[in-house]
Amino acid sequence: MDKVESAKKAAAFRAVDNHIKDAHRVGIGSGSTVVYAVERLAQRVHKEGLKVTCVPTSFQARQLIVNNNLILSDLEITPQLDVAIDGADEADNKLTLIKGGGGCQLQEKIVAAAANLFVVIADYRKNSRVLGEQWTKGVPIEVLPMAYRPVQMKIESKLGGKAILRQAKAKAGPVVTDNGNFVLDWVFDRTHDWQQVNQEIMMIPGVVETGLFVNMAKIAYFGMEDGTVKELQV
Ligand SMILES: O=C[C@H](O)[C@H](O)[C@H](O)COP(=O)(O)O
């Protein structure tokens, strides 16, 4: 396993070991780091007999839960969660996050907001001082397909930078999210007040959700290059 994968695994295992207890209702994030969190959760359920109910943040997360024989629920049946564990594309030193590199930001934000504790797991490449330091692909913004062009123009004229319609890799045309929407990747050209910018973007008709997570994460585990795990609490 290479350094980055080992770092993801170490962070995910630590978070599951520190925060998941018997009878917990757990939000399961999306992406490649969460795969290790589910692996650890399944190990613990098997060994310790924990009864844990899992709520997914995407179709990928749902499949991870099902394939690992964990108990699957949703927010209708389980509207309040004890913990949500998720990856991030970048986290600054206040744990403001950019999420949605995999297009899952909408359900991820809803599930994180339903949890008493939102825990981030990531490798050392995601641990930044300020947003944009390491992640250069911008802030993913989920938009209604019919609105993508006016939203794109409004974001660029109000906030600067470029809002790029994300294109699919294995299909012609744009990426379509699990919710049937498009994604604009807003590559910003300066540092902003992220709370204010998030509100401004959310006010544009046609915007469904942004990948800016402000004041949501309380703790992050970063797997480091040397094999240790760095803990950051706010
Ligand atoms: O849409 C995807 C999610 O926000 C992921 O949590 C994020 O992209 C981080 O993914 P990974 O763990 O693969 O770096």
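**Exercises on a predicted model**

A23 lies in the loop between α1 and β1; helices (H or I, at least four residues) and strands (E, at least two) are DSSP runs, numbered from the N terminus. Residues are numbered from 1 along each chain as its sequence is written. The model is predicted: local features need pLDDT of at least 70, side-chain atom pairs count only at pLDDT 80 or more, and totals for chains, interfaces and linings use all residues.

**Exercise 1.** Determine whether A23 is buried or exposed, and state its phi.

*Solution.* A residue is buried if 20 or more other C-beta atoms lie within 10 Å of its own, exposed if 12 or fewer, and partly exposed in between, with C-beta atoms placed from the backbone. A23 has 9 other C-beta atoms within 10 Å, so this residue is exposed. Its phi is near 75 degrees, a positive value in a residue other than glycine. Most residues other than glycine have a negative phi.

**Exercise 2.** Compare the span of helix α1 with the expected value, and identify the elements that its buried residues pack against.

*Solution.* The expected span of a helix is 1.5 Å times one less than its number of residues. Helix α1 (residues 3-19) has 17 residues and reaches 24 Å from first to last C-alpha, close to the 24 Å expected. Its buried residues include A7, A10, F13 and V16. The packing partners of the buried residues are α2, β4 (81-86), β7 (115-123), β13 (219-223) and β14 (229-233), where contact requires C-beta atoms, placed from the backbone, within 7 Å.

**Exercise 3.** Assign the buried and exposed sides of helix α3, then describe N69.

*Solution.* In α3 (residues 59-67), the residues Q60, A61, L64 and I65 are buried. They lie on the same side of α3 because they cover an arc of only 135 degrees around the axis, the arc being that of the directions from the helix axis to the C-beta atoms. V66 and N67, on the other side, are exposed. The cover over the buried residues includes β1 (25-28), α2 (32-48), β2 (53-56) and β3 (71-72). N69 is in the loop between α3 and β3, and its phi is near 55 degrees. With 10 other C-beta atoms within 10 Å, N69 is exposed.

**Exercise 4.** Characterise the 17 residues around the ligand.

*Solution.* A residue counts as near if its C-beta atom, placed from the backbone, lies within 6 Å of the molecule. G31, T33, G87, G101 and G102 come nearest. The elements giving two or more residues to this shell are α2 and α4 (105-113).

How values were computed. Two residues are in contact if their C-beta atoms, placed from the backbone, lie within 7 Å.
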